Amino acid sequence: MGTLRMGTLTRRRGGVRAADLEYAVLDTETTGLDPRSGARIVEIAVVRLRGDGTLLEEFTTLVDPRTDVAGREFHGIGDGDVIGAPTAEEVVPELARLLSGAVVVGHNLDFEQRFLASELIPVGLPGGAPGLCTLRALRAQVGLDRYSLPKASYALSGTWPTGQHTALGDARACARLLVELIANAPGELRYQGAEPEPAAAPVRGRVPVPSGAPARGVRWKPRTSTPSDLFAPRPWPDVRWRPLELDPLLCGGAFGPTDRAIAEMAAHRDDRTRRRIATAAAVAGGLAAGGLLAGLGRRLRR
């Protein structure tokens, strides 16, 4: 089973109302950018909330990577900070509980997926949950100069997110962005993709792993406190919503001018195709209705 089954937000028909779903917003801090080069998770956080902004639960802990902690200049975590922190394997049961029945969300979720696949799924985290990348969704729906989490947050709401480069701080900023995207859309946003369902219990080898409180001898080690009532959506003044949604599959990577132009041209091409199909269907329907009326008229004249 794959890591995540990626879905998208759309103003078109189909799917389910985005505001009706529950989301598990995930963020990690790591020792590097690529797990294939030995980078490991050193902090992880999940914000569980409803699409209307109701906060359900938050979880965060430092993680012992079992190696030297690099990247301190970015995340501020040193070797001494992770002493006594749980390992990735020990965090899995709680993560499985928090992600179960929710759409897993991240800003540039491709990054988080690499670490889920390299560290957490091999030690028992169930794969195949529905996913949503707010970076791709925002690029598809809104025209901005920059789409990084802090710059997009400031451009849209006028405030910078707090707790940058902490897992919980970034997860909270992403959760707020998601809630405000849903609340401020000019049309009802719908989630298209695999619908969330309860996940199977995490399994290590052939033995189910219990979820909930940490196992005996394991203690969570958070470095960020939990406020309340954090995600009431704020209005976005003067935001340019795209008249034609872009394909989220074309909204990854650097998304420079050439990438944007390609995605916009594809949107216009797809719109013309949909219009031609709709016109053809209307004409065919009209002809069919005309044929029925003519046949009925002949029968009435007999």
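Student: Which residues form a nonpolar patch on the surface?
Tutor: This is a predicted model, and in it L250, I262 and M265 form a nonpolar patch on the surface, with about 280 Å² of accessible area together.

Student: Where is I262 found, and how exposed does it count?
Tutor: I262 is found in helix α7, which covers residues 257–301, and at 44% relative accessibility I262 counts as partly exposed.

Student: Let me step back to the whole chain: how many helices and strands are there?
Tutor: The chain has seven helices and 11 strands, and of its 302 residues 47% count as buried. The chain exposes about 15500 Å², of which carbon and sulfur atoms supply 54%.

Student: What share of the contacts join residues at least 24 apart?
Tutor: If we take the contacts between residues at least 6 apart in sequence, 77% of them join residues at least 24 apart.

Student: Where does T54 lie?
Tutor: T54 lies in the loop between β5 (41–50) and β6 (55–62), and with a relative accessible area of 30% T54 is partly exposed.

Student: Now the inside. Is helix α4 mostly covered or uncovered?
Tutor: Helix α4, residues 134–141, is mostly covered, since eight of its eight residues are buried.

Student: Which residues have the most contacts inside the largest nonpolar core?
Tutor: They are Y23 and L138, in a core of 71 residues, and α6 gives the most to this core, with 11 residues. Apart from it lies another core, of six residues, with V42, V69, I77 and V82 among them.

Student: And what does L138 touch?
Tutor: Leaving out residues up to four places away in sequence, L138 touches L144, Y147, A152, L156, L177, L181 and W236. As a general point, nonpolar side chains tend to be buried together in soluble globular proteins.

Student: Why is β8 described as largely enclosed?
Tutor: Five of the five residues of β8 are buried, so β8 is largely enclosed by the rest of the structure.

Student: Which strands pair with β8?
Tutor: Strand β1, residues 4–6, pairs with β8 in the parallel sense over three bridges, and R5 has P130 as its bridge partner in β8. β7 also pairs with β8 in the parallel sense over three bridges, with V105 standing opposite L132.

Student: Which way do the residues of β7 point?
Tutor: V103 and V105 point one way from β7, whereas V104 and G106 point the other way, and all are buried. β7 also pairs with strand β4, residues 22–30, in the parallel sense over three bridges, where V25 has V105 as its bridge partner.

Student: What order does the open sheet of three strands have?
Tutor: The order is β2-β9-β3, with antiparallel pairing. β2 and β3 (16–17) stand at the edges, each with a single partner strand, so one side of each is left without a neighbour in the sheet.

Student: Changing topic, how many salt bridges does the structure hold?
Tutor: The structure holds 18 salt bridges, and one of them joins the side chains of E245 and R12 at 3.9 Å, N to O. This pair links distant parts of the chain, 233 residues apart, with E245 in the loop between β11 (207–208) and α7 and R12 in the loop between β2 and β3.

Student: Is E245 buried or exposed?
Tutor: E245 is buried, with a relative accessible area of 10%, whereas R12 counts as partly exposed at 38% relative accessibility.

Student: How are R275 and D271 separated along helix α7?
Tutor: R275 and D271 are four residues apart in helix α7, which means that about one helical turn separates them, and their side chains meet in a salt bridge of 2.9 Å, N to O. R275 counts as exposed at 56% relative accessibility, while D271 counts as buried at 16%.

Definitions and conventions. Residues are numbered from 1 along each chain as its sequence is written. This is a predicted model: local features need pLDDT of at least 70, side-chain atom pairs count only at pLDDT 80 or more; totals for chains, interfaces and linings use all residues. Side-chain values use heavy atoms; hydrogens and water are left out. Patches are made of residues with over 30% relative accessible area and no salt bridge: like charges are joined within 9 Å, nonpolar side chains (Val, Leu, Ile, Met, Phe, Trp, Tyr) within 5 Å. Accessible areas come from the Shrake-Rupley method with a 1.4 Å probe; for residues, only the protein chains shown count as cover. A salt bridge is a side-chain nitrogen of Lys or Arg within 4 Å of a carboxyl oxygen of Asp or Glu. Helices (H or I, at least four residues) and strands (E, at least two) are DSSP runs, numbered from the N terminus. Buried means under 20% relative accessible area, exposed over 50%, partly exposed in between (1.4 Å probe, protein chains only). A nonpolar core is a set of buried Ala, Val, Leu, Ile, Met, Phe, Trp, Tyr and Cys residues joined through side-chain atoms within 4.5 Å. Contact means heavy atoms within 4.5 Å. Two strands pair if DSSP finds at least two bridges between them.
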